[in-house]
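Subject: Structure handover

Hello,

Here is the structure I said I would pass on. Please keep it open while you read the notes below.

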Amino acid sequence: MEKYQQLSIEERSLVQTQLALGFKPSWMAGSLGRTVSTTRESYSATAGISP
């Protein structure tokens, strides 16, 4: 099992931009090559909401 790796500052910035543009977490995950759960966690932290 691979060790969890947090998103980089650049990736978080990209998630924030894509979130503002209305992209879904599953699309963002694919564009970053990350799992949906990793992207959702960042999405939730950026948006200040629970997943």
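A residue counts as buried when its relative accessible area is under 20%, as exposed when it is over 50%, and as partly exposed in between, with a 1.4 Å probe and protein chains only. The model is predicted, so local features need pLDDT of at least 70 and side-chain atom pairs count only at pLDDT 80 or more, while totals for chains, interfaces and linings use all residues. Residues are numbered from 1 along each chain as its sequence is written, and side-chain values use heavy atoms, with hydrogens and water left out.

Threonine 38

Threonine 38 sits in helix α3, residues 36-47. Helices here are DSSP runs of H or I with at least four residues, numbered from the N terminus. Threonine 38 counts as buried because its relative accessibility is 7%. Its side chain makes a polar contact of 2.9 Å with the side chain of threonine 35. A polar contact is a pair of N or O atoms within 3.5 Å; within protein, one must be able to donate a hydrogen and the other to accept it, and residues adjacent in sequence count only if both atoms are side-chain atoms. Not counting residues up to four places away in sequence, threonine 38 touches Tyr4, Gln5 and Leu7, where contact means heavy atoms within 4.5 Å.

Helix α1

Helix α1 covers residues 9-20, twelve in number, and reaches 17 Å from its first C-alpha to its last, close to the expected 16 Å. The expected span is 1.5 Å times one less than the number of residues. Which residues of α1 are buried? They are Glu11, Val15 and Gln18. These lie on the same side of α1 because they cover an arc of only 70° around the axis, taken from the directions from the helix axis to the C-beta atoms. The face turned away from that buried side carries the exposed residues Ile9, Glu10 and Ala20.

After α1 comes glycine 22, with a positive phi near 90°. Phenylalanine 23 lies in the loop between α1 and α2 and is partly exposed at 31% relative accessibility.

The salt bridge

One salt bridge is found in the whole structure; the term means a side-chain nitrogen of Lys or Arg within 4 Å of a carboxyl oxygen of Asp or Glu. The side chains of glutamate 11 and arginine 34 form it, at 2.8 Å from N to O. The pair links helix α1 with the loop between α2 and α3, 23 residues apart.

Regards

How values were computed. Helices (H or I, at least four residues) and strands (E, at least two) are DSSP runs, numbered from the N terminus.
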